[in-house]
Amino acid sequence: MTAPRGASQEELSALAAGGKPVVVPVDSAQEVEWLAALLPTTSENPGTRRSLAARARRRPGIDYESIPDSLAAGAVEPGDEDYRGVSSNYLRGGAPGLVLRPGTPGEVADALAYARRHTHLPLGVRSAGHGVSGRSTNKGGLVIDVRRMNSIEVLDPGQRLVRIGPGATWKQVSAALHPYGWALGSGDYGGVGVGGLATAGGIGLLSRAHGLTIDHLRAVEMVLADGSRVRASAEEHSDLFWAVRGAGANFGVGTAFEFEVDEVTEVGHAELGLITDDIGQALADFGRIASEAPRDTTVFLVTGRPRQGYWNIQLYGVVDNPDPGVIVERLTPFAQIGMLVQQQVVVTPYAGVMSKAADVGPEGHQGVGDPVSRSAFLPELTPEFARDAARLLSTGQVYFFELRAMGGAIAEVSPEETAFAHRSSAFQLTAMGGDEQALNQVWDPLRRHFHGLYLSFETDLRPERLRDAFPPATLERLRGIKRCYDPHNLFRDNFNIIPNPGEQVAPVPAPLS
């Protein structure tokens, strides 16, 4: 091991004697090891009982010594053993300077007080860590991870009212509801967390039959930017309740969600694999069949790069009916959009659909590169769109391309009822690639077909995307609510609704509460 060449004897003596911290420059891992052997540092704060080697990996601009006592024991720094498991999302690598893991609303308030003292740093809020959009991790900033807040309880069996913590996964939720004969539509993957999806929309495999996830939300408990705790519902803070259902990441941290769930018996769950050499025709056929299907049938299409002139198509669908004859009748048209090479159709509880997914939190990140993702809503899937989408897919720049069928119960809710305004869309589209510029070149020619975008699957943070996500009247109303509940724009590292566009946001005073 080698002593740091840039350190004076006085600095090394001061470190060995303890007392006031000093900065010792190091140039290599060997120098860090030398210092660690010299001084295994501890302090009274549980959050700072770390070796010198761990403390040497701290990031600039973060006051690690002032981590609130309520959070110190669970705080994770870059030098900690479990840092790798919380630094990244499942789909996106990250390197935050500090991860705080509150387990109660009071601890969330403490975390936000700490964040208000560090407004010069990025701030991410994370539920379970699936993270398509990438907004719940960062480089060198703070992350508030609420995965510990994952309780699920039945509040009123007669009303089918349940209370769910933001850190629970939809796989866990479906398992808890199954004994009651209930279900709550929740995207298409059981490893996703409640908090992110329940504030963005929730376009899932039960949506055509039962609506979006947010359509079942009856109340949400939140901690606001100033640390205050509120309950928002149709009767209390109704403006905030409206905003949370579609743009929730801008207004606070949800600590509990109350849902009125559905009675759902067994459903038909299908996974079909098809091959086609005419992807344009297959997309056009899918668009027609999915739009004309009865509302109890929701099917998603996934494809990607061609292989030797052929496309592999995967269809994932749910028929909200336990009758095998009805299930086969509903699915047969979909099986004809290409050459059927694989099929699995089962009658199962909805919990069986969700249980197929692994829990995919940050520790599952494979480090294979961060996806560049684009999202859009289609008013209808026209032959012209199918043709242009085929051209996009022929370039090979998109390795994941998904169409989620909408309509049915989604469209029966007024666009003005929630901040999710794109109710009339027939499909939601997501495309992923590995290169931002290359994806933009093949994606932008399709924009003439689009009418808005879905926040959860978009990585383009340019300001014009905000106008795609929210129609003008919706966006203006959201700005007014933002000025009320987060005037200093603490929750800014997301699809940010700036309180006063064109104005310099004033620094956040510390503390606010």
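Where is Phe470 found? Phe470 sits in the loop between helix 16 (464-469) and helix 17 (472-485), where helices (H or I, at least four residues) and strands (E, at least two) are DSSP runs numbered from the N terminus. This is a predicted model, in which local features need pLDDT of at least 70 and side-chain atom pairs count only at pLDDT 80 or more, while totals for chains, interfaces and linings use all residues. Residues are numbered from 1 along each chain as its sequence is written, and side-chain values use heavy atoms, with hydrogens and water left out.

**The chain as a whole**

The chain has 17 helices and 17 strands. Of its 513 residues, 57% are buried, a word that stands for under 20% relative accessible area, with exposed meaning over 50% and partly exposed in between (1.4 Å probe, protein chains only). Among the contacts in the chain with a separation of 6 or more, 72% are between residues 24 or more positions apart; contact means heavy atoms within 4.5 Å.

Phe470 counts as buried because its relative accessibility is 2%. With neighbours within four places in sequence left aside, Phe470 is in contact with residues including Gly246, Ala419, His422 and Leu455. The C-alpha atoms of Phe470 and His422 are 8.3 Å apart in space, although the two residues are 48 residues apart in sequence.

Phe470 also belongs to the lining of the largest cavity, together with others including Ala200, Gly246, Phe377, Ala419, His422 and Leu455. On a 1 Å grid over the protein atoms alone, a cavity is a set of points where a 1.4 Å probe fits but cannot get out, and lining residues have an atom within 4 Å of a point. The largest cavity has a volume of about 70 Å³, a volume being the space filled by probe spheres set on the points, which are joined across faces, edges and corners. By this rule there are two cavities of 30 Å³ or more.

Arg208 lies in helix 9 (residues 207-210). Arg208 is buried yet has no salt bridge, and the nearest side chain of opposite charge, Asp296, is 6.5 Å away. Here a salt bridge is a side-chain nitrogen of Lys or Arg within 4 Å of a carboxyl oxygen of Asp or Glu, and Lys and Arg count as positive and Asp and Glu as negative, with His and the chain ends not counted. A polar atom of the Arg208 side chain does, however, lie 3.0 Å from the backbone oxygen of Pro294.

Arg330, in helix 12 (residues 324-331), makes a polar contact through its side chain with the side chain of Asp296 at 3.0 Å. A polar contact is a pair of N or O atoms within 3.5 Å; within protein, one must be able to donate a hydrogen and the other to accept it, and residues adjacent in sequence count only if both atoms are side-chain atoms. Leaving aside neighbours within four places in sequence, Arg330 is in contact with Pro294, Asp296, Thr297 and Val319.

Most residues other than glycine have a negative phi.

| Residue | Phi | Relative accessible area | Place |

Conventions. 1 Å grid on protein atoms, 1.4 Å probe; cavity = no way out; pocket = protein on both sides within 12 Å on 5 of 7 lines; lining within 4 Å.
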